[in-house]
Every structure is written in structure tokens, then in C-alpha cells.
Number of protein chains: 2
Amino acid sequence: MTERPQAGAASQDDRAEVTIHDVARLANVSIATVSRVLNGSNPVKGATSSRVLEAIESLGYVPHSGARSLIKKETRTIGALLPDMFGEFFSEVIRGLDQVARNRRYSLLVTCTHGDMESAEAMLRTMHGKVDGLVILSSELEVHAGMARLLKRTPAVFLSQVAGSLEERFDSISVDNRGGALSMVRYLIGLGHARIAFIRGPENNTDALQRLEGYREAMAANPATRDCVLEAQGDFGEASGYRAACRLLKASPRPTAIFAANDDMGIGALAALKDQGLRVPEDISLAGFDDVPIVRYLTPALTSIRAPISDLGARAAERLLTVIESGGSAQPRQQTLEVLLVPRGSTCPPLSGSGGQ
Amino acid sequence: MTERPQAGAASQDDRAEVTIHDVARLANVSIATVSRVLNGSNPVKGATSSRVLEAIESLGYVPHSGARSLIKKETRTIGALLPDMFGEFFSEVIRGLDQVARNRRYSLLVTCTHGDMESAEAMLRTMHGKVDGLVILSSELEVHAGMARLLKRTPAVFLSQVAGSLEERFDSISVDNRGGALSMVRYLIGLGHARIAFIRGPENNTDALQRLEGYREAMAANPATRDCVLEAQGDFGEASGYRAACRLLKASPRPTAIFAANDDMGIGALAALKDQGLRVPEDISLAGFDDVPIVRYLTPALTSIRAPISDLGARAAERLLTVIESGGSAQPRQQTLEVLLVPRGSTCPPLSGSGGQ
DNA sequence: AGAGGAAATGAAAACGTTTACAAGCGTGGG
DNA sequence: CCCACGCTTGTAAACGTTTTCATTTCCTCT
């Protein structure tokens, strides 16, 4: 007889898990009735219901989500696959995700891939079965084979555009990177700048590439700037922005404006410019991209492109839940969110006749 | 008939979940053997094992974690309860948590309480059963009754000191807030400052309170500073730091140094000082607390107290996993992590004879 | 060569839910 | 007065694993 785990155990052992059976026993009903009260799936008489509720409360019963997911085939959890956790950008995304998830009574599982596709696939494997769907902020361009197969079973929304042939097959939500970069460069040109340098993001990052594209397109479209294209490689981190700015300053003639592909690099560049004894914006203008909350507190405050970051997370979660709840019948859709140029103190017209050193 | 979404689907319908039974059938073994191969729990003959592995690979089988957790009574997931997701601080903590978790093959569930204890308890309830343990970065001082009960069943590690009578009953890992504040104030006094103002953090936040305590203690310990105590209330956000600094500047005589209880408020204060036309550090020194990565890129770089933030997360995760794996037999332990004063450009001796405005 | 084990495998019972199905039980219409 | 029918409730079968126990297989030692 294995039926009675604790012989003679009285009412409530605090350590042991309390199951639906304990509740049923205490309320003098069957486990089915308890389940019905919990889920509101079938009508239950008022008196019974409150007896059950009372028992649940007094025992501190919480349903075992594993058992539930086993039969309902849903975990009520969504997963987020992020490349990394540095900077303010990712916490904003998570904030958006969490907000929507909690509203819809989902939990949020997060993990970082560290930009490594090997481990991304491993994480995907771990998450599969723990989540009903995924939000993927992939830093890589390619969705490779192993991933694609896992993704057949788990709905996913990408947070930057999926490249190439697979684009049509996945949901994605991204910001208008190209458009944002275009308008920033046009704005700088409008101020009178011609020698506008660009600090690029990681080479295999879609967002970074689209911003680069926008920069190049705007520069090429104007006779005055066409021959002034000047680029330095960065990796979206502050330190790389610092170094890139130092390299750009060695050009002769020196650029009159620097446009960093994201704010973190812009912050690094700002430090570099000041360390070199340059005044911003009088001696050189500086602009970033993303408009993370902190840049308005820099001196000078950084001109940037406002990407609705936490909104990005929120929308991704919304969309994902829609797809999940549609049971996979939803057509993949690619959304692009508008961005907004926010001019601040770090940009101004170049000193007339400034010819660099 | 809604049973067959794709009529005529032959062997492998990509949508349907593949279970251990499918693998067993394909490999011509029993499900028990498959399980053994998966867990390495019992010896399995080489040939059989590889046949099973092959089947798993070809079917893309991933075990259902719900079913597993049902019987093993573990979810291999840990939860993090954060007050919010603003600023760089929390993403650093998450980074530390994630790193340890992934190494030990755990997943990480995160959620924000938004400082609201009602919802904190609700989240706790949601998480209970989805996680094996919790890391709680509670902004509130009190662990109230409902929470305490949930916490009896789920191991938890607090990321700031638990206040009062309950302290001994919970694991906690915190930084030496009081010591850090003490050494910062002593450092400023050592530079020759006397009128050192303090920007306080949220009133009900343990970390903030301990930092305040350190400030007051250091100020009181010195005859020269004893009567110069000057405080303004903030909430750890940049904007509140900006406003607090503005208020402090109205004091007469004006403080020669401002010490913000965290870096975010320090960043806001820096913007305020510059907006008021003050030079930092010549006219007024400024210091922060936490040493989030970004402050070294400010101009001037912010003097701060380096708290090992991501380490905090990592250690919390380590400790939690230890507690979990000990099966609840581990004695609660309170750890305090050392901090380090990092002097940078934002602090210097006061102008001799500076008598305020 | 036969027995005695060790090694490898299979059968079946759990784990805690949800839910299809059946059953109890008043009630009202024929 | 009996039957059909709602409304509520209980019974039992899933769900996909792990694990105990029993069984088979195969080797090794006398």
C-alpha cells in the first residue's frame, strides 16, 4: 500500500506539495469539481464553489503547471532570445515584453545567445517545450537549418528583419532603420554638413546594415556629399564607439559631423571627442540612433533617432500571442515601425569655412 | 471532421508533437530505453544507444518538460522578481543570473513587480510551480504575510538585505551599501569638502536606506561636516536626480559636493549642474553609486562606488541553485559583497575659500 | 555444459491535471 | 404518474515522462 505518503500526518505539512486531491478532500468534492472551479469551465453550484475556494485558500494550493501543460498543450510562457544584455536597449525590450505578457497572464523566459548561433540553437532546444512561442532578437542574418526546423513547431516573432529568402516565412517587427538613417543624414546635410562620417554597427547585424544602407544612400544622393563618405567599424558597444571616433578624427580634412549607428557608440564617441579637446557641437556635430533614455542627460544631449524600443517589445509580444492563439493559422507578417528624429544639443551647423585641421 | 488539418499526411506531420513513443517505435526499443539514453540513468548498449540517438535526431524529438517536471518534481527553471526594468542596473543583474543559469542548464523566468507588492504576490503565485526557486530584488522593506507563505515552499534568495525580524530566515546577497557610502563621504572630506549634500533613493528601499545611513554616519563623525548635512529626496531615476540637484543648489551656502545614492540620479544631477552653468568638478564635485558601465563615458567621468552588479546576479543564482539542490536543508546565509571606490574626473578638492554662490 | 550473475531491456505504475462521459436528482409537461 | 430533461457532480481515461521491478540475454566460472 503506497497510497498514504505520510501515515497519520494531520492537516498541513508545510513542505509537501499540496495537490488538487488535498483540496478536493478538504472541500468534500471530487477533483473534477475543483478543476471546474479553478477554470470556470463548467457551472458549479455557488455553495460548492465557495467551499472549494475556501479550501484552496486555506491550503495555499497552486496548480502544478507541468501537469496542466501536459494535457492542455500550452505552457502560458513565452520566451525571449536576446543576443546580449548590455546597455539600456535590451532592458527596454524586455520591459515591453513583460508588460504585455503579464497582462495576458503569460510568463516570460529570457536568455542570451551571446551572438553565438551554436548556443542559440541549444537555447532554442531548451526552450522548446517550455514556451508556447518565441521572440527572437537575432543578431545574425541567417536563420540556419537547425533553427528553422525548431521554428516549425514553435511560433516565433523576429525583432529585426529576417534576411533573404526566408523573410516571408517569419513574422517580424522592426524599426525603419534605413529611413531613420536617411533622415538623420539629410538633417545633417540640411544644417550645412558635407563631411559626415558614419560609425557602423556589427557586420552581420541586420539593423546595423540597414542603417548603413540609409547613410550611404543619403550621402550618394547629394552631389555635395557624394565623395565624403567616411566609415569606421564598431560593434554597438561604447568602447568601440570611442575607438571609432578616434580613427575618424585622423581623417584629413576632418569630418564636421559623426553619425553613430547606435546611441551606445555615440556615447563612446562623445567621450572621445571631448578627450581630444573638441567642443560638441561647435567643433563637430554628433548624432546617435535609438534614443535610449539616457542620451538626453548627456552634455550636450545627443541628437538621435527615436526608435520605439519598449513598444517594439510590446508589439512583438502582442503579435506572438495572436499567432499562438490562432493555432498557427496566422499568415506571417512583416511590420516596420516608424522612427522620429529628435534634434538636441549635439548637432548644429558647421563653423563656416571649417576646413579641418 | 476537424481532426486532420492536412489530410493524407504521411509519416511525419511537422506540426504534431513527437513524443518518446515515436522515438521508441522508430528505434525498435521501449520508451524506457529511450528515457535511459536521454538521461544516462542506466547503462544502455552502444548499438541500441546510437539507434535511439539517431531516431531522436531524425524526428527532432525534444522531451516535454511538463511531463518531466511532473515526475521529477523539478522544472529546471529559476525565476527573477525585479522591481522594474529601467536603467542599466537591472540588465546587469539579469546578465549575471542568465550566465550562471545557462551554465547549470537552468532557464530563467523574469518579471517586474513595478514596486507594487500586490502584483508581486500575484507574480509569485504565477511563478510558483513554474520555477524551482526565486531571486528576489525587492524594493520594499517588508516581506509580508502572503509572500512569506509562498516562500515557504519555494527557495528564495534576496538581492538586497531583508529587513527586520525576518532577516535571519532568508538567504540574501547584498553589497556593502553603508560601507560604500561611508568611504565615499570620507573620500570627499579627505579632498577638503565639508558641505557635502546627498541625494537619497526611494524611502522604502533597503539599499537606499543603508547608503543614507553611511552618509549620515560619516558626516556626523567629523566635526567639520557635522552641521553640513543636506539631503534631497530622489527615486533612483535620472529625472529625480536632476530635480534634486536643482533643489540642493538653492541652499546657501551652496554645497561643494553632491553625492547621489545611485548613478542614474548622478547622471541626472550632472545634467542639472551643467544646465545651471556650473563646472564639474571645479565648481562642484559630484559622485554616484553602483558604477554602472556608462558612467565612465560621461564628461567628466563620474566618481562612483563600484558594486559588482552582474556578480551580484551570478552569486545569487549560484547560491539559489545550491539551496535548491540541497533540498531545503541549507541554512539561510546573509552575504555582503565588498565595494570599491573608483575616483574619476567628477571630483576634486573644492576651490579654496569657495563660499557658495 | 550448466548454473549463477551481471548487464540490458521491457512492462507498468506513478506524477497532477483536464475533460469526455456517465450518473444522480429534482422538476415540469404530457 | 412517469418520462425526459437540465443542472450539478463524480468516475476514469488521457497527457508524456521517469522509475521500480521483473524479465530476458549473454557472459563467465566451475
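How much area is buried between chain A and chain B, and what share of it do carbon and sulfur atoms give? The figure is about 5300 Å², with 53% from carbon and sulfur atoms. Buried area here is the accessible area (1.4 Å probe) that two parts lose on being put together, summed over both.

This is a predicted model, in which local features need pLDDT of at least 70, side-chain atom pairs count only at pLDDT 80 or more, and totals for chains, interfaces and linings use all residues. Residues are numbered from 1 along each chain as its sequence is written, chains are lettered from A in the order in which they are written, and side-chain values use heavy atoms, with hydrogens and water left out.

**Chain A overall**

- Chain A has 12 helices and 12 strands. Both are DSSP runs numbered from the N terminus: helices are H or I with at least four residues, strands are E with at least two.
- Of its 357 residues, 54% count as buried. Buried means under 20% relative accessible area, exposed means over 50%, and partly exposed lies in between (1.4 Å probe, protein chains only).
- Take the contacts in chain A between residues at least 6 apart in sequence: 72% of them join residues at least 24 apart. Contact means heavy atoms within 4.5 Å.

**Interface of chain A and chain B**

- Chain A brings 61 residues to the contact, and chain B brings 60 residues.
- A:Arg102, A:Arg153 and A:Tyr297 supply 13% of the area that chain A buries against chain B, more than any other three residues.
- A salt bridge needs a side-chain nitrogen of Lys or Arg within 4 Å of a carboxyl oxygen of Asp or Glu.
- Polar contacts number 20 residue pairs, both residues at pLDDT 80 or more. Such a contact is a pair of N or O atoms within 3.5 Å; within protein, one must be able to donate a hydrogen and the other to accept it, and residues adjacent in sequence count only if both atoms are side-chain atoms.
- Several elements of chain A each supply at least two residues to the side that touches chain B, among them α3 (46-59), α5 (87-103), β2 (107-112) and α10 (238-249).
- The most comes from α5(A), with 8 residues.
- The side of chain A that touches chain B divides into 22 nonpolar, 21 polar and 18 charged residues. Ala, Val, Leu, Ile, Met, Phe, Trp, Tyr, Cys and Pro count as nonpolar, Asp, Glu, Lys and Arg as charged, and the others, Gly among them, as polar.

**Nonpolar cores**

- The largest nonpolar core holds 152 residues. A nonpolar core is a set of buried Ala, Val, Leu, Ile, Met, Phe, Trp, Tyr and Cys residues joined through side-chain atoms within 4.5 Å.
- A:Ile78, A:Ile196, A:Phe259, B:Ile78, B:Ile196 and B:Phe259 touch the most other members of that core.
- Leaving aside neighbours within four places in sequence, A:Ile78 is in contact with residues including A:Ala101, A:Tyr106, A:Leu108, A:Val131, A:Leu320 and A:Ile324.
- A second, separate core has 35 residues, including A:Leu109, A:Leu150, B:Leu81 and B:Met117.

**Backbone exceptions**

- Most residues other than glycine have a negative phi, and most peptide bonds are trans.
- The bond from A:Val280 to A:Pro281 is cis, with omega near 10°. A:Pro281 sits in the loop between α11 and β9 (285-287) of chain A.
- The bond from B:Ser252 to B:Pro253 is also cis, with omega near 0°. B:Pro253 is in the loop between α10 (238-249) and β8 (257-260) of chain B.
- B:Asn28 has a positive phi, near 60°. This residue is in the loop between α1 (20-27) and α2 (31-39) of chain B, and is exposed at 65% relative accessible area.
- B:Lys73 has phi near 60°, again positive. Its place is the loop between α4 (65-72) and β1 (77-82) of chain B, and B:Lys73 is exposed at 69%.

**Salt bridges**

- The whole structure has 30 salt bridges over all chains.
- A:Arg104 and A:Glu318 meet in one of 3.0 Å, N to O. A:Arg104 lies in the loop between α5 and β2 of chain A and A:Glu318 in helix α12 (residues 309-325), so the pair ties together parts 214 residues apart in sequence.
- A:Arg104 is partly exposed at 26%, and A:Glu318 is partly exposed at 36%.
- B:Arg279 pairs with B:Asp283, the closest N and O atoms being 3.1 Å apart.
- Shared partners join A:Arg104, A:Glu318 and A:Glu325 into one salt-bridge network.
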